[in-house]
Amino acid sequence: MTDAPSNIHATAIVVGKTGLLFLGPSGWGKSMLAFTCIAEAQRMNISSMLVADDQVLISRRGEDVIARCPPTIAGLIELRGTGIVRVPHIDEARMHYAVLPGNVTGEDRVPPANERSVIAEGIDLPVVRLLATAPLPLAVLMAALPDIGR
């Protein structure tokens with residue numbers, strides 16, 4: 001059974017078989033980080049695709065968290081300063097992790113263990129933190145989450 005989807009402000013991609021949902025405030029760089037991860041994966045011959053940018057329809061299908069793209073924006077991603085570009089995409093995918101902004105100030109440089117983020121009512125995902133300034137964001141994610149790309 002699939003719940004009715006919630007439309008959330010996020011970017012969803014798949015790298016290999018791993019779904020990554022980039023969440024954070026406007027201007028954080030969700031789209032650019034996701035695009036960079038797609039490009040890095042492709043250079044490594046790892047299948048990678050956009051699911052949705054800016055608007056993600058998120059729902060639960062059994063135990064799985066599913067991200068889908070509104071048809072009007074399928075295959076489009078906005079790269080701040082460059083514009084809207086077309087990239088390889090799929091209509092929907094299972095999401096495994098929420099990618100949230102890393103803490104760049106203060107004493108909490110290491111995020112809490114087993115952190116989870118509520119995505120929508122009744123839907124949460126394990127969290128991985130990422131700095132928007134990471135020059136190779138996929139490399140950082142692969143170090144933190146060894147199952148990415150497999």
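Visitor: What is the relative accessible area of Arg 129?
Guide: Buried means under 20% relative accessible area, exposed over 50%, and partly exposed in between (1.4 Å probe, protein chains only). Arg 129 counts as partly exposed, because its relative accessible area is 30%.

Visitor: What pLDDT do local features need?
Guide: Residues are numbered from 1 along each chain as its sequence is written, and side-chain values use heavy atoms, with hydrogens and water left out. This is a predicted model, in which totals for chains, interfaces and linings use all residues, side-chain atom pairs count only at pLDDT 80 or more, and local features need pLDDT of at least 70.

Visitor: Which residue meets Arg 129 in a salt bridge?
Guide: Side chains of opposite charge can pair when their charged atoms come close. A salt bridge is a side-chain nitrogen of Lys or Arg within 4 Å of a carboxyl oxygen of Asp or Glu. The N to O distance here is 2.5 Å, and the partner of Arg 129 is Glu 115.

Visitor: How many residues apart in sequence are the parts that this pair ties together?
Guide: Helices (H or I, at least four residues) and strands (E, at least two) are DSSP runs, numbered from the N terminus. Arg 129 lies in strand S10 and Glu 115 in the loop between S8 and S9, so the parts they tie together are separated in sequence by 14 residues.

Visitor: Is Glu 115 buried or exposed?
Guide: The relative accessible area of Glu 115 is 18%. Since buried means under 20%, Glu 115 counts as buried.

Visitor: How many salt bridges does the structure hold?
Guide: Among them is the pair of Asp 124 and Arg 116, whose side chains meet at 2.7 Å, N to O. Asp 124 is partly exposed at 26% relative accessibility, and Arg 116 is partly exposed at 48%. The number of salt bridges in the structure is four.

Visitor: Which residue forms a salt bridge with Arg 61?
Guide: Arg 61 is partly exposed, at 32% relative accessibility. The closest N and O atoms of the pair are 2.9 Å apart, and the partner of Arg 61 is Glu 92.

Visitor: Where does Glu 92 lie?
Guide: The pair links distant parts of the chain, 31 residues apart. Arg 61 is in strand S3, while Glu 92 is in strand S7.

Visitor: Which side chain of opposite charge is nearest to Asp 53?
Guide: Asp 53 lies in strand S3 (residues 48–61). Lys and Arg count as positive and Asp and Glu as negative, while His and the chain ends are not counted. Asp 53 is buried and has no salt bridge. The nearest side chain of opposite charge is 7.6 Å away and belongs to Lys 30.

Visitor: The backbone nitrogen of which residue lies 2.9 Å from a polar atom of the side chain of Asp 53?
Guide: Contact means heavy atoms within 4.5 Å. Not counting residues up to four places away in sequence, Asp 53 touches several residues, including Ala 10, Ser 31 and Glu 78. The backbone nitrogen at 2.9 Å from the side chain of Asp 53 is that of Glu 78.

Visitor: What is the phi of Asn 45?
Guide: Asn 45 is placed in the loop between helix H1 (30–43) and S3. It counts as exposed, because its relative accessibility is 74%. Although Asn 45 is not a glycine, its phi is positive, at about 60°.

Visitor: In what order do the strands of the sheet run?
Guide: Two strands pair if DSSP finds at least two bridges between them. Eight strands form an open sheet with mixed pairing, in the order S7-S4-S3-S1-S2-S8-S10-S9.

Visitor: Which are the edge strands?
Guide: An edge strand here pairs on one side only. The two are strand S7 (92–95) and strand S9 (116–120).

Visitor: Which residue in S7 stands opposite Val 65?
Guide: Strand S4 (residues 64–68) and S7 run antiparallel and are joined by four bridges. Opposite Val 65 stands Met 95.

Visitor: What angle does the direction of H1 make with that of S1?
Guide: H1 packs on the sheet, touching strand S1 (6–15), strand S2 (18–22), S3 and strand S10 (123–130). Axes are lines fitted to C-alpha atoms, for helices over the stretch in contact, and angles run from 0 to 180 degrees between N-to-C directions. The angle between H1 and S1 is about 20°.

How values were computed
A polar contact is a pair of N or O atoms within 3.5 Å; within protein, one must be able to donate a hydrogen and the other to accept it, and residues adjacent in sequence count only if both atoms are side-chain atoms.
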